[in-house]
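Welcome, and thanks for taking a look with me. Here is a short tour, grouped by topic, to read alongside the display.

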Amino acid sequence: MFRINLRIILAFFTLFYIIIATLFYNFYKQLVIEDAKQEVTSILRTTNALRHYIENIQKPVIYNLQKDKELHEDFFDPKILSASYIARNIHQRYSDIQVLQNKIPYKYKLAATNPRNPKNKADAFETKILNQFRNQEIKEFSTILTENNQDYFFTAIPIDKNKYSCMRCHSKPEVAPKEMIKLYGKTAGFNEKVGDIRAIISLKIPVSGIMSTHIKDFYLSSFIVFIIFCIFYIFLYIIYKKDMKLQDEREQLLIHQNKLASMGEMIGNIAHQWRQPLTQLSSILINIELYYDRDKLTKDKFKSKISEANGQISFMSTTIDDFRNFFSSGKSKQEYKISEVVELSQHLLSATLHKKNIELIIDMQNDFILNGYPNEVTQALVNIINNAKDVLEERDIQQPIITIKTFASNNNNVITIQDNAGGIKINPCEKVFEPYFSTKHASVGTGIGLYISKTIIEKNNNGTINVKNSHDGAIFTIIL
């Protein structure tokens, strides 16, 4: 159960980290936008301040010089009298410096619907924004634009409204400086009114340039969160490993306890297995003695009786080896045939089953070779057969039968153990695999036999075990 929880925790950590990383990303993205907005707004306000200085400080000085006849009254030079010209050239110089520094340049523009210079002609997008400012629908406009696969942060603000001093150049061509008319003509940039918003100024700055200032913070924050998650997960994993070690030790102890619980019955099995050969040995010795007393003990007859005695002793020795192997705690994988496990299980329980008049049928359709722990699989089979034997005896079944089948199905190696005791009387049947669950009296069953069988098959031998009821009784199915 804990193993499943650990996977869930790992999945939760992964999902939680993705959420945190996404939140960090959105936070820094918003931070980038805010920084871009502050930077662009600051530059545009500075540009507006420059335009304000030109319109309200610089131009009056020029006009006074014209008034004092120190400059010709039709004098006009955009380099000192056009705020748009001066601002555009300052920004162009700044962009040139950025290009020299291998940076993506900022894009500045003054956009008007009635520009004197065609370079300042507003497109449809800029016209829409300008009209929103004129209609007082907005006070500031910002958005993200994509041009040539490059994301830009775009901000626009209106220039100062027309003042009376602006009308000399923007009211009628007749009052405008003649040198300005020569330069730009008299078809555009006129017929403006005091209080009109003549144009907007906008700036596009690349998002990547500002993002680079925060990307390190994003990576660092994500890395710190990742390290914290890793430390926490390692801590949980250490606890998990300790818990699994304790669980393994507990299961091994339960397996050992299960064997000890079976030992008394197995000793009875040994006694039953030895009773017949001991009787035979006793009979052989009596026969030898009788033949000797009557002087009829020939050499051939003596050898024959010795051979019979050796056969019985060999059978008894094999029985001892089988039971010793069953109780062995050896834990090394090995290749084995399933027939060896089934035959050993049969041999271990044959005396008890015979005593209870239970017929054990073995249907070996396939004798497949496995790699694992044959001794543990034997223990699992013994537990299941013993459980079936107890139920058959408890329910006093006439002609009790236990059938073991081995066969291959869908590339799986399958073992089934079926009885004719009428089936499991609890629902669901799988409850019989729960530890300490037993339908028997406490003096008869411990409730760990089938739990141990499930542990042995599924955990130690990477197989599966399940149980269901048939028409005759319960069927345990093991897939290895």
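In which sense do strand 1 and strand 4 pair, and over how many bridges? Strand 4 covers residues 199-206, and its pairing with strand 1 is antiparallel, over 6 bridges. Please keep in mind that this is a predicted model.

- Four strands make up an open sheet in the order 1-4-3-2, with antiparallel pairing.
- At the edges sit strand 1 (107-112) and strand 2 (141-147), each of which pairs on one side only.
- On average, neighbouring strands of this sheet are turned by 25° against each other, direction ignored.
- Helix 4 (residues 124-134) packs on the sheet and touches strand 1, strand 2, strand 3 (150-158) and strand 4. The direction of helix 4 makes about 35° with that of strand 3.

**Lys-109 and Glu-126**

- Lys-109 also takes part in a salt bridge: its side chain meets that of Glu-126, at 2.9 Å from N to O.
- This pair links distant parts of the chain, with Lys-109 in strand 1 and Glu-126 in helix 4, 17 residues apart.
- Is Glu-126 buried or exposed? Its relative accessible area is 6%, so Glu-126 is buried, while Lys-109, with 23%, is partly exposed.

**Other salt bridges**

- The whole structure holds 8 salt bridges, and two further ones are described here.
- Glu-393 and Lys-356 form a salt bridge whose closest N and O atoms are 3.0 Å apart. Because Glu-393 lies in helix 10 (residues 374-394) and Lys-356 in the loop between helix 9 (338-355) and strand 6 (359-364), the pair ties together parts that are 37 residues apart in sequence.
- Both partners count as partly exposed, Glu-393 at 44% relative accessibility and Lys-356 at 30%.
- Glu-458 forms a salt bridge with Lys-454, and here the closest N and O atoms are 2.9 Å apart. The two residues are 4 residues apart in helix 11 (residues 449-460), so about one helical turn separates them.
- Glu-458 is partly exposed, with a relative accessible area of 30%, and Lys-454 counts as partly exposed at 24%.

**Thr-47 in helix 1**

- Thr-47 belongs to helix 1 (residues 2-67). With 5% relative accessibility, Thr-47 counts as buried, because buried means under 20%.
- Which residues does Thr-47 touch, not counting those up to four places away in sequence? They are Ala-87, His-91, Tyr-108 and Ile-201.
- Thr-47 and Ser-84 are 37 residues apart in sequence, and their C-alpha atoms are 9.6 Å apart in space.

**A nonpolar surface patch**

- Leu-220, Phe-223, Ile-224, Phe-226, Ile-227, Ile-228 and Ile-231 form a nonpolar patch on the surface. Together these residues have about 670 Å² of accessible area.
- One of them, Ile-224, is found in helix 7 (residues 207-293). Ile-224 counts as partly exposed, at 43% relative accessibility.

Technical notes. Residues are numbered from 1 along each chain as its sequence is written. This is a predicted model: local features need pLDDT of at least 70, side-chain atom pairs count only at pLDDT 80 or more; totals for chains, interfaces and linings use all residues. Side-chain values use heavy atoms; hydrogens and water are left out. Two strands pair if DSSP finds at least two bridges between them. Axes are lines fitted to C-alpha atoms, for helices over the stretch in contact, and angles run from 0 to 180 degrees between N-to-C directions. Contact means heavy atoms within 4.5 Å. Patches are made of residues with over 30% relative accessible area and no salt bridge: like charges are joined within 9 Å, nonpolar side chains (Val, Leu, Ile, Met, Phe, Trp, Tyr) within 5 Å. Accessible areas come from the Shrake-Rupley method with a 1.4 Å probe; for residues, only the protein chains shown count as cover. A salt bridge is a side-chain nitrogen of Lys or Arg within 4 Å of a carboxyl oxygen of Asp or Glu. Buried means under 20% relative accessible area, exposed over 50%, partly exposed in between (1.4 Å probe, protein chains only).
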